[in-house]
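The following exercises are to be worked with the sequence and the coordinates at hand. Each task is followed by a stepwise solution.

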Amino acid sequence: MRTIPLKTLAAAALASLAVACSPSGDGASAERLTLNGAGASFPAPVYNVWTYAYTSANLGAKVNYQSVGSGAGINQIKAKTVDFAGTDSPLTPAECEEAGLIQFPILRGAVVPIVNLPGIAADRLKLDNALLADLFLGRVTRWNDARIAALNPGLKLPDLAVSVVHRSDSSGTSFVFTDYLSSVSADWKTAVGAGANVKWPTGIGGQKNPGVCNAVAKIAGAIGYTEYTYALEAKLSTVLLPDAQGSFVAADAAAWPILGTTYILVRKDTEPTKMDALKAYFRWCYEQGAGHAVRLHYAPLAAEEAARVIGSVLK
Amino acid sequence: MEICHAAGMKRPSAWSDPVFRWLCLGCAALCGLLMVGFFVQLAIASGDAWRTFGLGFFSSAEWDPVAERFGALPAIVGTLLTTAIALVIALPLAFVSALFIVDAPPWLSRLLGQAVDLLAAIPSIIYGMWGLFVLTPIMQRIMASFGIETNGFGLLTSALILTLMILPYICAVMRDVLRMTPPMLREAAFGIGCTRWETARDILMRYGIRGLLGGVFIGLGRALGETMAVLFVAGNVMRVPHALTDGCTTIAATLANNFAEADGLQRSALFALGLILLVMAFLIQLLAQYYLRMTGAKRGER
């Protein structure tokens, strides 16, 4: 007798399972393509907004993006485990050719030095390129150094040791920053060089952008660098740097000198339906996505540059 | 129906024993194979680094991803120093806490015992966050009161976090070991006029040395491989620390920091670091076994 209710139960369970497994009534959603991307964390705040807006607006494919880092993204697209990858340090044309990848720029973002100097408000401290490099080289060790004072006559500089905070993980943000330092300082170029992870001459390392921001916020006298959005979120003081003409600008200015371009990688041998969905998505990013990027303090590509990518790669 | 059922009940016992045996054997063998597999995999993946740097990998303090020169010394020194300092601080604290918990009145003993168990269950990321937000500013202030200007990150802070993390582990194991000492032995010791400390030192410690050491090695193992909490407060500096306030790194923290983006020679060097950590843990196990065997006779074991 006992087996009967059990059997009924099992049957009921099976039936409900079958119902759950069968495709739901909406045929379109069952066929909806999913595009998976992975890579750079530097533009991830924008990508997250884009994928969410695009997916929820039901414009075509569902898009996912995981910010695992540029290097990991490149490895994954080479291994065909994702449909597109994001990277901050671009591959050379030869490398793209060899791996069968198409690369195009998608977004620019500012990297900003951040400081924790009690008594000095945001965007007041001026640093020139030589000073910035020497701070990160460990050659300028006190904030009341004569060179900093000469550049900032109106400021009361604290008598504090300079604590450099850099990224401990390898990152596109570090690449953009060290690339800038290499381009403006011959000393930096020979002593350290540019890279996603370099041999830092001084300072301590924080894990990812939030780690650097936290450390700078905790240490009086700290200087670090981060992607601009993170500096704003963490309410950290940014500094003034000289633009191309030599006049000092703040991080929100169009002429801000430390800009990084981030790129998308797509496989040439992507199947055609998926390729069309990818192209549609990235066209949308250029055309409709620019507004989201600006709101997050990133810079979309210039109109003619975007048009060139849409006309060639994404046509 | 009933007969069928009964017969069906009987049949499994005929084959269940061998099946169960093979299942157990399979699982046990899997553990061993996994261990061997780890060594082989790490050795193969780190091949490039060993070929490029040879034994100099152990003694080189350079970690320059741009020039592709890698050395393991800072990470090894950092790992050993943080672990050693943590153990030196945690060991006596854990022993005396365990002694107290065993001898305390039952209600207090239960309360404290549960507090220790709870501490042991806190995930390491929580310790890391606590270290970053609470301990580093405190260290900054304490050091400043001695006239040392420091940012609060570094060797000593990492070691203190590790101390807090391994203390409950060691204490919990020691407590259980001390409880297992036959009451007769202790009563006999008190009976011939031993003080509490003499009883603890000469009876409890002698009797439970295996278990106590087991506790130490559990703590040691955790300290060696601890990643997240150390990552938060170590400063992640690829240099050999010269002072307690210097920034440092450990093998586990270096792996966590660099693995996602590494490829080529750096990836291989990271695998080599992983292999070194595994060998270190393995050697410590061997040493423990060796020590116990060597001192067995002295304690009156066969």
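Domain bounds are taken from an automatic or database domain assignment. The model is predicted: local features need pLDDT of at least 70, side-chain atom pairs count only at pLDDT 80 or more, and totals for chains, interfaces and linings use all residues. Residues are numbered from 1 along each chain as its sequence is written, and chains are lettered from A and ligands numbered from 1 in the order in which they are written.

**Exercise 1.** Determine how the domains of chain B are bounded and what kind of residues domain 1 of chain B turns towards domain 2 of chain B.

Solution. Step two: their C-alpha centres are separated by 36 Å. Step three: two residues are in contact if their C-beta atoms, placed from the backbone, lie within 7 Å; on this criterion 5 residues of domain 1 of chain B meet 6 residues of domain 2 of chain B. Step four: the side contributed by domain 1 of chain B comprises 5 nonpolar, no polar and no charged residues. Here Ala, Val, Leu, Ile, Met, Phe, Trp, Tyr, Cys and Pro count as nonpolar, Asp, Glu, Lys and Arg as charged, and the others, Gly among them, as polar.

**Exercise 2.** Describe the packing of H4(B) against H10(B).

Solution. Step one: helices (H or I, at least four residues) and strands (E, at least two) are DSSP runs, numbered from the N terminus. Step two: helix H4 (residues 73–103) and helix H10 (residues 209–225) of chain B pack at about 145°, with axes 9 Å apart. Axes are lines fitted to C-alpha atoms, for helices over the stretch in contact, and angles run from 0 to 180 degrees between N-to-C directions. Step three: the residues in contact include B:Ala86 and B:Leu87 of H4(B) and B:Gly219 and B:Leu220 of H10(B). Step four: by class, this contact has 8 nonpolar, 3 polar and no charged residues.

**Exercise 3.** Which element gives the most to the side of chain A that touches chain B?

Solution. Step one: 23 residues of chain A are in contact with 21 residues of chain B. Step two: helix H4 (70–78), strand S6 (204–206) and helix H10 (208–218) of chain A each give two or more residues to that side. Step three: H4(A) gives the most, with 4 residues. Step four: the side of chain A divides into 7 nonpolar, 13 polar and 3 charged residues.
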